[in-house]
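Let us take a friendly walk through a protein model. Have a look at the picture first, and then read on.

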Amino acid sequence: MLVTLQKTLRKFWYATVPLDQLRDGPKPFTLLGEKIVLWLDREGQPAAVRDRCCHRTAQLSKGFVQAGNIVCGYHGWEYDRSGKCVKIPQQTEAQIPAGACTTSYRCEARYGYAWVALEEPLQPIPVFQEDADPAFRRIFQFYESWNTSPLRVMENSFDNSHFSYVHKANFGQFDQPKPSKYEIRPTDWGFEAETIVPINNPPASHRVTGTTDPVTERHLFNRWYVPFVRRFGCIYPSGLHHIIYNCATPIDDGKLMLVQWLYRNDTEADCSTAELIAWDAGIVREDREILESTDYDACIDTRRRVEFHMESDKPGLMMRKMLMELFQSQGEPEMHL
Amino acid sequence: MLVTRQKTLRKFWYPVMPVAMLREGPKPFTLLGERIVLWLDAAGRPAALRDRCCHRTAELSKGFCEGDHLVCGYHGWTYDRSGRCVRIPQSLETAIPANSRVDAYRTEARYGYVWVALEEPLAGIPDLPEAEDPAMRHIDQFYEVWRCCAFRLMENSFDMSHIAFTHRTSFGIVEQPKPELMRIEPSEWGMETYVETPVRNFGGVSESVTGSSGERTVRTMRGKWFLPFVRRLGISYPSGLRHSIITCATPIDDRSMMCIQWCYRSDREEDVPARDIIAFDRKVTEEDREILESTDFDVCIDTTRRVEFHMETDKPGLIMRQKLLALFRAHGEDEAFEAAAAPARAPGERALV
């Protein structure tokens, strides 16, 4: 699957740039191969347009924001959030040429990020109930670009078989390679997967799990949201909730932005932000190392027989099937090398 | 405009490298997509050949000089400046095969640089009166690859409107976006321009470089564009100081160019050290580079294609587009450009099966 060639993928919301990063000026982002510029308008709401001035083609992300509009850094042509050129400072008396504009995209602020949809979205931005719940704090964990396909990240996050190997130096139990089974319930736009996983609990993770027992378990209530968002809902016997959302936002065919944040129902004094980032950083680094070594052109039509499969691959196979059905319902085949 | 596909562009002189860089041996350069090797003969005259040995295709720039000749670093086949193979060290007794040669190009040393023309040139190397003027000193400023089309830098250097924005943190006055009117006189092989403009005297080395004190000063600018990618900008300040900048956008390929800039100053090294002059122009040049490298490399010169929007002050750039297009058409070619903008792809990405 070459994400930039699957037109249906343009019809979803994706988390792009953290809103905090937009406070000091416009920023470029490449989404599904399309170069866009993001900035904050006069109301502090994020806006997104194609990153190309219609005058001399310069990237608008090299410019600056003035009264909520984006100003090109080359000659100062100014655009509003609808992409319309609203000022040509060299000829303020003359009319702005008809058609002087750049393409604009739907853009919304949610969960601390600017979300963008390139075309009319098929689904709204997913609702993450913890965000509005005062019992939870939100911790931004990772924002880094990975050289792999977003499907790999999604599949990996529902794959109980890789823990014993990829994370053997961490929470994985190398001597128990047989994974616990998921109970999977398909939904209209993804699925829910529930399971209980026993894990090692070395002293370094005591404050994360909320217990000093040498072995504990995770009651996982995970979700996959088509196409590239997942919830990792982990509840420890201690009562601690460790709820991760990650978005594998597709930059281009071989590259994604890993956007990950966390909700916890404890306090900074119980377990610090730095500690929680450091804990998950080790796990994320292990995943990245392996996932960046896979083919980015991940095959979703299993009839092509590009990969071999096993029983515990079920979540990943369901993802492939649902994506294939979605593309077919929108009249497109899988695009691949 | 895809420069490597405009055959007419092969019929001009381009500066490619400082002569001094060749004193240590042969060097490669890509001009309009053509890979060439440059070297100095025994008399110190520059020579240019296609950078490919006719024996096993190795780059001759990996070799070395011997007297008047260039020796391939693979098996020692030796070439003279006309491109003829004059020696095959493994078979000195047998005749050198007929036609064992590589293409040679016209070269000349001028203003401290090697100039090359791939085909019979339509115009001479630009005349620079400052070069002969004993009152002026020569300062080499920049020699660096820019990832943009050569045309963008030429247009930019006659564009008064960008100064207020692109150079807003150096000498531009962002509160005064409407530029002074520029007088433009097209000529057979380019155009001449004249404008006086107030500029910000931006502190640091600025005062000594402009020879003026105070927050603002005035630049009198006499520009000259030499088709296709050389410009001369003669700046004079109220102090009487003269500062002439020569900027050459030598086309490497469709996406990149060599930015070659030197200048002439009417003051002495004791007045303002060369490093201050370079530092002053460095900041300004970096500002231009940042923006120009973000533009489409396939710049549209046939405005009837309506790829870009224009404004009144774009006149110099529009004249350049017209003159280039007229030149191409006079030589039997039209603008060459990418048929349709392809979707942005990852670098090195493979084609679909």
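Predicted model: local features only at pLDDT ≥ 70, side-chain atom pairs only at ≥ 80, totals over all residues.

Residues are numbered from 1 along each chain as its sequence is written, chains are lettered from A and ligands numbered from 1 in the order in which they are written, and side-chain values use heavy atoms, with hydrogens and water left out.

Start with chain B, where an open sheet of 6 strands runs in the order β1-β10-β9-β4-β3-β2, with antiparallel pairing. Strands here are DSSP runs (E, at least two residues), numbered from the N terminus, and two of them pair if DSSP finds at least two bridges between them. At the edges of the sheet lie β1 (14-18) and β2 (27-31) of chain B, each pairing on one side only. Now look at β9 (residues 104-110) and β10 (residues 113-117) of chain B: 5 bridges join these antiparallel strands. Within β10(B), Val116(B) stands opposite Thr107(B).

Next, the cysteines. How many disulfides does the structure hold over all chains? There are 0, where a disulfide is a pair of cysteine sulfur atoms within 2.5 Å. Cys54(B) is in no disulfide either, as the nearest cysteine sulfur, that of Cys53(B), is 5.2 Å away.

Terms used: Helix = DSSP H or I, 4+ residues; strand = E, 2+ residues; numbered from the N terminus.
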